[in-house]
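Please read it alongside the sequence and the structure.

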Amino acid sequence: MPRFAANLSMMFTEVPFLDRFDAAAQAGFTAVEFLFPYDHPVEAVGERLRRNGLTQALFNLPPGDWNAGEKGFAALPSRFNDLKASLETALPYAKATGVKRLHLMAGIANRGERLAIEAFYKSVAWAAEFFAPHGIDIVLEPINARNVPGYFLNDFGFTRDLIQELRLPNLKLQFDIYHCQIIHGDVTMRLREMMPIIGHIQIASIPSRNEPDGEELNYPFLFDELDRLGYAGFVGCEYNPRGKTTDGLAWFKPYAGAKS
């Protein structure tokens, strides 16, 4: 049975961020993820996790100026010092939450430019080696161009090849089913092919990015497929609820309380 993690950046937004931990636990989730914790005291984030007995499945490394449109800087040659500083920023939050995987964002850059590719390889290797002594994986997520135009990492095949080429034991693929369906389609076969390098999975309906209970994909089939493939990681619920979060959790009821 898949282990679902509520994404607190998108779900339970009816209450302030720190109260979303309580709301997720009350709804039956045993794990959470979110985009960024950095606007909140590290102690407060850790305390809310412990209070509710939740596992932190994932969060992102600092992305730069998010409000100005930055989506990371790992592929930006001029921002390597910012990349290194971002790892130091994230480390206390990783220690406080006990998270075992962090998402490194590539940024807005042209994947046809050699310098961008070289910068990304360098940043990925640096981040993976930085967190390896802490038992933390770095995950890379291809993101579709409809949601984030110009994002450097927008191809699952390129990401797979990079991970296999670098051969770093703590470097994995973040397989967002929503993004995969938009970029490539053929989700089931890609899951089967890439399962050995997958470190985290995320879900949402396509095309609306709402609850995973309809539209293009048959999620009950895909959840069963994850079991058939022996996937033991987390499935992050990175979707926008149509209304109040708890009103849209009928899909989740068969899985509520699954142990992290």
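## Overall form

The radius of gyration used here is taken over C-alpha atoms, and the globule rule is 2.2 Å times the number of residues to the power 0.38. For 260 residues a compact globule would have a radius of gyration near 18 Å, and the chain agrees with this because its own value is 17 Å. The model is a predicted one. Along the principal axes, its C-alpha atoms fill a box of roughly 45 × 40 × 35 Å.

Contacts between residues at least 6 apart in sequence join residues at least 24 apart in 77% of cases.

## Burial, surface and charge

Of the 260 residues, 57% count as buried. The accessible surface of the chain comes to about 10,900 Å², and carbon and sulfur atoms account for 50% of that area.

The chain carries 26 positive and 31 negative charges, whose mean positions lie 3 Å apart.

## Salt bridges

Side chains of opposite charge can pair when their charged atoms come close. Across the whole structure, a search finds 16 salt bridges. One of them joins the side chains of R48 and D22, with an N to O distance of 2.9 Å. This pair links distant parts of the chain, since R48 belongs to helix α2 (residues 42-52) and D22 to helix α1 (residues 17-26), 26 residues apart. Both R48 and D22 are buried. The two residues also take part in a network of salt bridges that links D19, D22, E47, R48 and R51.

A second pair is K172 and D137, in which the closest N and O atoms are 3.6 Å apart. Buried means under 20% relative accessible area. D137 is therefore buried, at 19%, whereas K172 is partly exposed, with a relative accessible area of 21%. R160 and D161 form a further salt bridge, with the closest N and O atoms 3.0 Å apart. D161 counts as partly exposed because its relative accessibility is 38%.

M195 is placed in the loop between α7 (187-194) and β7 (198-203).

Apart from residues up to four places away in sequence, M195 touches L226, L229 and Y231. The C-alpha atoms of M195 and K172 are separated by 10.0 Å, and the two residues are 23 apart along the chain.

Strand β1 (residues 3-7) contains N7. With a relative accessibility of 1%, N7 counts as buried.

Which residues are in contact with N7, leaving aside its neighbours within four places in sequence? They are E33, F34, Q202, C237 and E238. A C-alpha separation of 7.9 Å is found between N7 and L35, which are 28 residues apart along the chain.

Note on methods: Residues are numbered from 1 along each chain as its sequence is written. This is a predicted model: local features need pLDDT of at least 70, side-chain atom pairs count only at pLDDT 80 or more; totals for chains, interfaces and linings use all residues. Side-chain values use heavy atoms; hydrogens and water are left out. Buried means under 20% relative accessible area, exposed over 50%, partly exposed in between (1.4 Å probe, protein chains only). Contact means heavy atoms within 4.5 Å. Accessible areas come from the Shrake-Rupley method with a 1.4 Å probe; for residues, only the protein chains shown count as cover. Lys and Arg count as positive and Asp and Glu as negative; His and the chain ends are not counted. The place of a charge is taken as NZ of Lys, CZ of Arg, CG of Asp or CD of Glu. A salt bridge is a side-chain nitrogen of Lys or Arg within 4 Å of a carboxyl oxygen of Asp or Glu. Helices (H or I, at least four residues) and strands (E, at least two) are DSSP runs, numbered from the N terminus.
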